[in-house]
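These are my notebook entries on a structure that I looked up one feature at a time.

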Amino acid sequence: MAQQPKAPTNFGFGEDEAMLRDLARRFLAEKIPPHALRRLVAGPPEPVYEDGEPAPWDRTLWDEIVELGWTALAVPEEDNGAGVSMVGVVALLEEVGRHALPSPLIPTLASSLVLRTAGTERARNLNREIAAGKTVSLVLADERGGWEPAHAPIEARREGSALVLSGTGFFVQDASKVDSLLVVSRLGDERLLCSVATDSTGLRLQNDQIHDLTRSQATVHFDDVVIETSAVVSDDADHVLKAAWPGILVLVAADLVGCSEWQLQTTVEYAKQRVQFDRPLGFFQAVKHPLVDAMVGIDRARSLLYHAACEIDMGSAEAEVAARMAKSAASDAGAFISDRSVQLHGGIGFTWECDVHIFFKRSMHNQALFGDGTYQRQKLADVLIGPIAAR
Amino acid sequence: MSSTVLSPEQREFREYARSWLAENAPPAPPERLPISPIEVMTVGQRDYLQSWQRRCYDAGLVGADYPKEYGGWGHRGFQRIANQELHRANVPALINIVGLSMAAPTILQHGTEEQKREFIPGALSGEEIWCQGFSEPGAGSDLANQHTTAVRDGGDWIVNGHKVWTSLGHFAKWMILLTRTSTGHKYQGLTYFLCPIEDHPGVTVRPLIKMTGESGFNEVLLENVRIPDTYRLDEVGKGWAVAMTTLTFERGAEEGAGGGFSEGANPIEELIALARSSWRNGVCAADDPISRDAIIERAIVAEGIRQSGRRAAVPELCDHPMRLPLQQKLVLTEFGQRNARLGVDIAGARSTLYKRDERAPDQGHWPLAYMNSYGYTIAAGTSEIQRNILGERVLGLAKSK
């Protein structure tokens with residue numbers, strides 16, 4: 001194995017990263033505290049749950065976020081981006097998760113990671129547009145929810161100098177919020193990565209009916225969408241996506257860790273204030289001990305998250321293992337604190353009026369996204385133990 | 001808190017420690033060693049481990065950060081590196097675990113100049129083995145419920161009581177001893193002593209047999225044991241505070257212990273090797289999806305422990321300074337317990353075979369380690385007490401008593 005560069009003991013988390021994180025924390029605490037989030041996304045349930053509207057989001061706030069340069073975080077400096085380390089990106093996304101911010105930030109960051117990996121001139125151009133505020137999401141999953149890069153759902157064919165895309169992409173994150181899509185398609189044996197504007201002729205977004213009130217998701221139909229060959233960002237999509245995959249996983253893991261920490265702190269506060277049998281709930285060990293277990297799980301996920309981000313920053317061959325570990329631990333920690341956050345709030349925790357369900361749903365969505373804990377462990381087993389022998 | 005960037009001296013020390021350990025790894029032991037030094041049973045094990053600690057001490061890998069006048073090597077920030085290298089080299093553990101991780105740091109913090117000069121050198125070199133006299137039949141999780149009494153008699157104290165779960169008591173020269181000197185107040189009525197126990201009048205050390213069938217710890221009866229006042233550690237009535245210092249070091253929440261402890265081979269690799277040689281329903285356990293999931297879950301926890309150790313040294317990434325350190329005891333002991341339990345599960349029918357059966361996987365390690373693991377989840381404050389401490393001190397929940 002090639003000699004790996006030595007990992008910095010502090011994960012590479014320095015003053016710049018701390019400043020970025022603290023700024024994001026203050027900004028989000030001011031702009032979207034829980035009561036503002038509730039007003040934004042948890043009015044009456046009918047519009048989203050009955051009438052099929054995508055969950056609302058705050059475009060004015062988004063403009064401010066673009067102004068702050070968050071979409072440019074993972075874009076290299078030579079392409080007008082901030083070129084922030086993955087460790088810095090992860091720290092900021094923890095804050096985003098802690099506030100359950102509805103926005104196309106995560107799909108856009110994921111796309112910029114893919115483009116950075118592709119590195120072609122067209123990819124760099126697109127990243128420059130992202131740095132300037134363009135929003136992008138990835139079309140890569142098939143109907144069965146196969147997330148891995150090999151599952152290209154869209155068929156491409158050549159027509160003269162143009163390419164024609166047909167087929168359906170599934171589980172496209174925040175598609176209703178973005179300007180364009182990065183699409184993985186099959187052209188014979190090739191796997192192409194193409195950029196397609198969401199308002200292209202023949203492209204139809206069908207919003208999925210999801211439970212998460214803080215994001216949207218769509219099934220995207222490509223009905224002979226014609227694109228110029230110049231829209232092809234890479235003709236080696238499998239490799240590009242595989243290389244960018246650890247980064248994509250840690251973005252979601254970071255959101256999960258932040259979300260989980262909010263759930264923990266909120267439930268702890270409730271356990272301090274709510275009195276039953278003349279005692280605050282937290283006095284009872286049936287309440288106290290699970291909250292400690294939740295904390296231990298979140299801390300494990302958070303440590304693994306910074307490790308994975310640091311491995312990505314170093315270009316380490318261990319990045320995929322580290323990222324899958326982080327996603328697995330974050331998904332499981334998220335599931336556990338979600339469960340306890342509702343249960344320990346008691347009756348009120350089961351209601352629409354309590355903020356807990358907003359985070360519960362975002363967490364549940366995050367847990368499934370790009371593979372839950374068990375799924376990641378299955379992939380890890382193939383690496384760390386070896387593939388299952390043919391019988 | 002440790003610094004995150006190694007100085008040139010620290011880097012050089014790491015190189016030195018690594019090469020010394022590579023060149024000086026001890027010969028194979030004359031008999032099977034216990035899982036942990038607190039379970040040393042035989043004189044043969046003791047002699048072997050004691051001489052190994054002596055060599056590590058002479059090489060500067062033990063007592064590295066202790067002042068020279070107390071038998072240390074007078075460095076700063078070297079011990080953590082030595083501990084890492086000892087762990088990495090997978091060499092036998094240091095036998096004087098109570099002396100190194102409890103007695104020496106407590107004496108350094110609370111002792112008189114004379115006490116530091118008298119007691120610390122022998123603890124570091126391993127020549128004088130220490131044991132801990134805290135728990136009693138009626139004082140387990142409720143440690144302050146001490147019934148061992150110490151009564152002044154001129155310049156001495158007369159001690160009477162009954163201590164239990166005394167690891168290494170049968171080889172120890174000294175005991176860190178918690179006693180009651182006043183019945184007026186539960187916590188402020190306690191006083192801490194450094195008590196001679198080897199061949200000392202009134203002291204009886206009797207082995208206790210663990211659920212594994214092994215001895216390795218003891219009960220200690222103290223009948224009119226005379227201790228000079230010069231062996232009292234800190235003030236009369238300060239025993240609880242001193243005991244908390246000891247427990248903080250014992251639980252690994254504070255750096256400063258005298259030497260590091262190797263935890264043996266990589267448990268995940270051992271589990272994978274076991275799965276490769278075990279069968280479930282006609283299939284190799286390493287190909288069984290449930291076993292694979294369980295092993296990888298363990299691997300993730302193992303990596304999480306490593307990375308949390310790394311994150312604990314980055315204050316910017318820790319919301320509360322004691323949040324990670326106070327988890328250490330709980331997380332490490334339950335980690336070991338669940339690893340061992342998984343080994344039992346994977347071994348299947350062969351997990352029934354105990355250490356004397358030559359067909360037992362890994363010489364019966366898995367059921368032995370599993371049963372033994374309860375020693376760790378119970379000692380030094382049970383896992384339940386640890387969860388109380390974390391819930392109260394870190395999360396700020398109401399006290400459960």
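**Entry 1. Strands of chain A.** I first looked up strand β6 of chain A, residues 203–207, and found that five bridges join it to β7(A). The two strands run antiparallel. I noted that the model is a predicted one.

I then asked which other strand is joined to β7(A), and by how many bridges. Strand β3 of chain A, residues 162–173, is joined to strand β7, residues 217–228, by nine bridges. This pair also runs antiparallel. In it, A:Leu163 stands opposite A:Ile227 of β7(A).

**Entry 2. Chain A as a whole.** I counted the secondary structure of chain A and recorded twelve helices and ten strands. Its radius of gyration is 21 Å, close to the 21 Å that the globule rule gives for 391 residues, so chain A is as compact as a globular protein of that length. Along the principal axes, the C-alpha atoms of chain A fill a box of roughly 80 × 55 × 50 Å.

Entry 3. I moved to chain B and looked up strand β2, residues 149–153, and strand β3, residues 156–163. Five bridges join these strands, which run antiparallel. Within the pairing, B:Ala150 has B:Val159 of β3(B) as its bridge partner. The hairpin of β2(B) and β3(B) has two residues between the strands, and B:Gly154 takes a positive phi near 65 degrees there.

**Entry 4. Chain B as a whole.** For chain B I recorded eleven helices and ten strands. I compared its radius of gyration, 22 Å, with the value near 21 Å that a compact globule of 401 residues would have, and the two agree. The C-alpha trace of chain B spans about 75 × 50 × 50 Å along its principal axes.

**Entry 5. Salt bridges.** I searched the whole structure and found 57 salt bridges over all chains. One that I examined joins the side chains of A:Arg302 and A:Glu94, at 3.0 Å from N to O. This pair links distant parts of the chain, 208 residues apart. A:Arg302 lies in helix α9 of chain A (residues 285–313), and A:Glu94 lies in helix α5 of chain A (residues 86–98).

I next asked with which residue of chain B A:Arg302 forms a salt bridge. The partner is B:Asp319, and the closest N and O atoms are 3.5 Å apart. Between chain B and chain A I counted nine salt bridges.

**Entry 6. Where the chains meet.** I also counted 27 residue pairs in polar contact between chain B and chain A. On the side of chain B that touches chain A, α7 (267–276), α8 (289–311), α9 (328–347) and α11 (383–394) each supply at least two residues. Helix α8(B) gives the most, with 15 residues. Sorted by class, this side of chain B has 21 nonpolar, nine polar and 16 charged residues.

In terms of contact, 46 residues of chain B meet 50 residues of chain A. The size of an interface is often given as the accessible area lost when the parts come together. The area buried between chain B and chain A is about 4,100 Å², and carbon and sulfur atoms give 61% of it. In chain B, the residues that lose the most area to chain A are B:Arg292, B:Arg310 and B:Leu395, together 16% of what that side buries.

Methods:
Residues numbered from 1 in each chain as written. Chains lettered and ligands numbered in written order. Predicted model: local features only at pLDDT ≥ 70, side-chain atom pairs only at ≥ 80, totals over all residues. Heavy atoms only, no water. Contact = heavy atoms within 4.5 Å. Buried area = accessible area lost by both parts, 1.4 Å probe. Salt bridge = Lys/Arg side-chain N within 4 Å of Asp/Glu carboxyl O. Polar contact = N/O pair within 3.5 Å; in protein donor to acceptor, adjacent residues only side chain to side chain. Helix = DSSP H or I, 4+ residues; strand = E, 2+ residues; numbered from the N terminus. Nonpolar A, V, L, I, M, F, W, Y, C, P; charged D, E, K, R; others polar. Pairing = 2+ DSSP bridges. Rg over C-alpha atoms; globule rule 2.2 N^0.38 Å.
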